[in-house]
Amino acid sequence: MEMSKAGNFKITPSLRKEIIKIIDERIREAHVTREDLSELKNIVKELAEAQKRTEERLEQLIIRVDQLTARVNQLAEAQNKTEEALRQLIKEHERTRDILAGISDTVGHSLEDKIFPYIYDFIKKEYGFEVEVLDRRNVIYSDGRYDEVNIYVEGRRDGEKVLVIGECKSRPTNKEVDNFWGVVERLRRNLKVDVYPFIVGYSFSPTVEAYLRDNYPEIRVFKSFEFELKYRSIKSKNTT
């Protein structure tokens with residue numbers, strides 16, 4: 001680089017070429033930076049739009065969750081009401097069952113009282129021994145448990161103690177038959193004697209008759225009217 005006489009720099013061709021080169025490089029750098037900035041702005045814009053869409057979806061999701069929560073609360077409240085109604089229904093059912101059981105016991109005891117006078121003759125004819133004890137008895141076992149036996153008859157056959165027990169139901173059910181057989185088994189197991197069971201009813205459904213025949217052939221079945229027709233009562237026996 002040379003200086004003019006006036007003291008100014010003199011731009012030589014080589015210097016001008018170098019300056020142009022530097023300016024071109026700066027322009028290229030500036031151009032690249034602007035492109036990058038433009039791309040960055042686009043990216044930021046896309047991210048902003050994506051965030052906006054995400055926020056909208058999130059807001060919709062929150063609304064949906066609130067709706068579902070409200071629905072769950074409604075269902076929970078409805079379930080609580082249903083459970084309360086069910087508890088009331090169970091209580092009513094238990095009261096009804098107790099009432100029916102009381103009615104059934106009353107009918108059964110009335111039936112027992114009706115046939116008791118015929119038991120002496122009944123036992124003699126059907127089982128072949130004389131009655132020594134006739135009772136409605138609670139049989140207490142060694143473990144403290146007990147069974148209520150509605151018709152309890154003791155006697156002797158060939159010198160050995162035997163026991164006949166009876167159950168009276170207006171219209172026996174399969175479950176009542178099962179329960180009665182449970183009493184028979186416990187008496188045999190605890191008393192160590194022969195136990196002969198019979199059941200008396202006003203009537204028996206065909207289903208129960210078949211159930212008795214197929215499952216408990218040892219249980220003899222009698223209808224209440226048979227006692228007056230076939231056996232003598234204590235009163236008539238004493239007057240003959």
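**Contacts of D147 and features around it**

The side chain of D147 forms a polar contact with the side chain of R186, at 2.7 Å. The model is predicted. A second polar contact, at 2.6 Å, links the D147 side chain to that of Y141. D147 lies in strand β4. Its relative accessibility is 9%, under the 20% limit, so D147 counts as buried. Leaving aside residues up to four places away in sequence, D147 touches R137, N138, V139, Y141, V183 and R186.

Strand β4 covers residues 146-157. Strand β4 runs antiparallel to strand β3, residues 131-140. The two strands are joined by 8 bridges. The hairpin of β3 and β4 has 5 residues between the strands. In this hairpin, G144 adopts a positive phi near 95°. In a regular strand, side chains alternate between the two faces of the sheet.

A nonpolar surface patch was also identified. The patch is formed by L58, L61, I62 and V65. Together these residues have about 350 Å² of accessible area. V65 belongs to helix α1, which covers residues 13-115. The relative accessibility of V65 is 40%, between the limits of 20% and 50%, so V65 counts as partly exposed. D147, at 9%, counts as buried.

Methods: Residues numbered from 1 in each chain as written. Predicted model: local features only at pLDDT ≥ 70, side-chain atom pairs only at ≥ 80, totals over all residues. Heavy atoms only, no water. Patch = residues over 30% accessible without salt bridge, like charges linked within 9 Å, V, L, I, M, F, W, Y side chains within 5 Å. Areas by Shrake-Rupley, 256 points an atom, 1.4 Å probe, with all protein chains shown as cover. Salt bridge = Lys/Arg side-chain N within 4 Å of Asp/Glu carboxyl O. Helix = DSSP H or I, 4+ residues; strand = E, 2+ residues; numbered from the N terminus. Buried < 20%, exposed > 50% of the residue type's maximum accessible area, 1.4 Å probe, protein only. Pairing = 2+ DSSP bridges. Polar contact = N/O pair within 3.5 Å; in protein donor to acceptor, adjacent residues only side chain to side chain. Contact = heavy atoms within 4.5 Å.
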